[in-house]
Amino acid sequence: MSVDPTMALAPRAYPPLERWRARLAVLAAKALARRSPSTIVKVLSRVSAGTRPATYAEAGRAREVVTRTSRACASPKGCLPRSIATALLCRSRGSWPTWCAGVRVLPPFGAHAWVLAEGRPVDEPAPPGYHRVLLQVPPEATP
């Protein structure tokens, strides 16, 4: 029997302000996910300017709120909007994880998007090194 990840939706488990921030981040992420990879990187690079690196706990909490608030982001095929929304939600709190997009190292081919914090993938089921990074947007503190 398979488990539907969307069954874990529980938006009321979070304070109203956090839910609204997550919903806005998901809305923006869905719009941005329809754009070209170069546009996504340009927009996220601008948004990440002046931020400090997100801790693993901060990025994990943001990812959790996003996946428990949005069915699209909770779905196994929702990695692109989920990763963008996670990064945007972190940004709303003044931090930024490293946003990544890439491919599986081993066959079959598959694209994936995720976030890194403290040098490791945040709450990803695959082990580190399972995906090769092709695009990334790290935190960019202003000098």
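The following dialogue examines a predicted model of a protein.

Biologist: How far apart are the end C-alpha atoms of helix α3?

Modeller: Helix α3 covers residues 56-69, which makes 14 residues. At 1.5 Å a residue, the helix should span 20 Å. The model agrees with this expectation, since the end C-alpha atoms of α3 are apart by 20 Å.

Biologist: Which elements do the buried residues of α3 pack against?

Modeller: A residue counts as buried when its relative accessible area is under 20%. In α3 the buried residues are Y56, A59, G60, A62, R63, V65, V66, T67 and T69. These buried residues pack against α1 (16-33), α4 (71-74), α5 (79-91), β4 (111-117) and β5 (120-121).

Biologist: Which strands stand at the edges of the open sheet?

Modeller: The open sheet has four strands in the order β5-β4-β3-β6, and their pairing is antiparallel. A strand at an edge has a single partner, so one side of it is left without a neighbour in the sheet. The strands in this position are β5 and β6 (131-137).

Biologist: Which residue of β6 does G102 stand opposite?

Modeller: Strand β3 comprises residues 98-104. It pairs with β6 in the antiparallel sense over six bridges. Across from G102, the residue in β6 is V133.

Biologist: Which residues are joined by a cis peptide bond?

Modeller: The loop between β3 and β4 contains P108. The peptide bond in question has an omega of about 0 degrees and is cis. The residues that it joins are P107 and P108.

Biologist: Is E118 buried or exposed?

Modeller: E118 is found in the loop between β4 and β5. Its phi is positive, at about 55 degrees, although E118 is not a glycine. The limit for an exposed residue is over 50%. The relative accessible area of E118 is 53%, so this residue is exposed.

Biologist: What is the relative accessible area of D123?

Modeller: D123 lies in the loop between β5 and β6. Although D123 is not a glycine, it has a positive phi of about 50 degrees. D123 is partly exposed, and its relative accessible area is 39%.

Biologist: Which element gives the most residues to the lining of the largest cavity?

Modeller: A search of the whole structure finds one cavity of 30 Å³ or more, and the largest cavity holds about 40 Å³ of space. Its lining consists of R63, C79, R82, S83, T86, A113, W114, V115, V122 and E124. At least two of the lining residues come from each of α5 and β4. The element that gives the most, with four residues, is α5.

Biologist: How many nonpolar residues are in the lining of the largest cavity?

Modeller: The lining includes A113, W114 and V115, and Ala, Trp and Val count as nonpolar. By class, the lining also has two polar and three charged residues. The number of nonpolar residues is five.

Biologist: Which elements give two or more residues to the lining of the largest pocket?

Modeller: The largest pocket has a volume of about 300 Å³. It is lined by 16 residues, and the closest to its centre are P76, R82, H112, E124 and P125. The elements that supply two or more residues to this lining are α5 and β4.

Biologist: How many charged residues does the lining of the largest pocket have?

Modeller: R82 and E124 are among the residues closest to the centre of the pocket, and Arg and Glu count as charged. The lining also has seven nonpolar and four polar residues. The number of charged residues is five.

How values were computed:
Residues numbered from 1 in each chain as written. Predicted model: local features only at pLDDT ≥ 70, side-chain atom pairs only at ≥ 80, totals over all residues. Heavy atoms only, no water. Expected span 1.5 Å × (residues − 1). Buried < 20%, exposed > 50% of the residue type's maximum accessible area, 1.4 Å probe, protein only. Contact = heavy atoms within 4.5 Å. 1 Å grid on protein atoms, 1.4 Å probe; cavity = no way out; pocket = protein on both sides within 12 Å on 5 of 7 lines; lining within 4 Å. Points joined across faces, edges and corners; volume = space filled by probe spheres on them. Pairing = 2+ DSSP bridges.
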